[in-house]
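Morning, everyone. I have one chain to walk you through today.

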Amino acid sequence: MGNMDGKSVEELSTTECHQWYKKFMTECPSGQLTLHEFKQFFGLKNLSPSSNKYIEQMFDTFDFNKDGYIDFMEYVAALSLVLKGKVEQKLKWYFKLYDEDGNGCIDRDELLNIIKAIRTINPCNEIMSAEEFTNMVFDKIDINGDGELSLEEFMDGVQKDEVLLEILTRSLDLTHIVRMIQNDGKNPDGGGNAGAAE
């Protein structure tokens, strides 16, 4: 069951819980969300291969007990982490998300691929290209210059650099998804489809 670093259902308002539960059970009557349902749930269609890989990675990080499904508690824990979690909690989750191969380090390719995929799914009108952003991250926080970021380097570096923190936070801003939940699956911005272009 999903409880993410002390973040619990009790910390959410009754209205939020009701909306999230209604949306979850409407889209997923079995109470267990599969990867395919997860994509449908958030209106993600026609994804490029890298975007699809990112969504799979996100699904895996939300599947806290690794049973291949996201149950309602995992769903609430994931949403509350992304929307209401403290900076440190979010950074740990971002790190897990970026560490595609699960080896405990993020290399340039992993970060670049994830940033490209995130921007396909959640365009955030950044001035910097994904490549420029990736280079900036490594230039600023790869202290030992080994081309990989450990969890410690990532946490310390991002927390000490307001620009990096702001860009990362903005790129993973999922408030549009919450608005969709609150509007019964209708995207008030008119979007909802993630294009295949990168």
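One definition before the tour: buried means under 20% relative accessible area, exposed means over 50%, and partly exposed is in between, with a 1.4 Å probe and protein chains only. By that rule Glu131 is partly exposed, at 37% relative accessible area.

Now the ground rules. This is a predicted model, where local features need pLDDT of at least 70, side-chain atom pairs count only at pLDDT 80 or more, and totals for chains, interfaces and linings use all residues. Residues are numbered from 1 along each chain as its sequence is written, and side-chain values use heavy atoms, with hydrogens and water left out.

The overall picture. The protein chain has 10 helices and 4 strands. Helices here are DSSP runs of H or I, at least four residues, and strands are runs of E, at least two, both numbered from the N terminus. In sequence order the pattern is α-β-α-α-β-α-α-β-α-α-β-α-α-α.

How much of the chain is buried? Of its 198 residues, 49% count as buried. The accessible surface is about 10000 Å², and carbon and sulfur atoms hold 51% of that. Those areas come from the Shrake-Rupley method with a 1.4 Å probe; for residues, only the protein chains shown count as cover. On contacts, meaning heavy atoms within 4.5 Å: take pairs at least 6 apart in sequence, and 64% of them join residues at least 24 apart.

Next, the annotation. UniProt, in an unreviewed entry, puts "domain: EF-hand" at residues 50–85, 86–121 and 129–164. The positions are in the numbering used here, feature names are shortened, and annotations may be inferred rather than shown by experiment. Residues 50–85 are 72% helix and 6% strand, with end C-alpha atoms 27 Å apart. For residues 129–164, the figures are 69% helix, 8% strand and 14 Å between the end C-alpha atoms.

Now inside. A nonpolar core is a set of buried Ala, Val, Leu, Ile, Met, Phe, Trp, Tyr and Cys residues joined through side-chain atoms within 4.5 Å. The largest one has 50 residues, and Phe38, Tyr54, Tyr75, Trp93, Tyr98 and Phe154 have the most contacts inside it. Which helix gives the most to this core? Helix α4, residues 72–84, with 7 residues.

On to charges. A salt bridge is a side-chain nitrogen of Lys or Arg within 4 Å of a carboxyl oxygen of Asp or Glu. The count is 3.

Glu100 pairs with Lys53 at 3.2 Å, N to O. Glu100 sits in the loop between α5 (87–98) and β3 (105–107), Lys53 in helix α3 (residues 49–62), and they are 47 residues apart. Glu100 is buried at 19%, while Lys53 is partly exposed at 48%.

Back to Glu131, as promised. Its partner is Lys116, with the closest N and O atoms 3.5 Å apart. That pair joins helix α7 (residues 130–141) to helix α6 (residues 108–121). Lys116 is partly exposed, at 28%.

Then Lys140 and Asp161, with 2.9 Å between the closest N and O atoms. Lys140 is in helix α7, and Asp161 is in the loop between α8 (151–160) and α9 (162–171). Lys140 is partly exposed at 39%; Asp161 is buried at 15%.

Last, cysteines. How many disulfides does a search of the whole structure find? The result is 0, counting pairs of cysteine sulfur atoms within 2.5 Å. Cys28 is buried at 0%, and Cys105 is buried at 19%.
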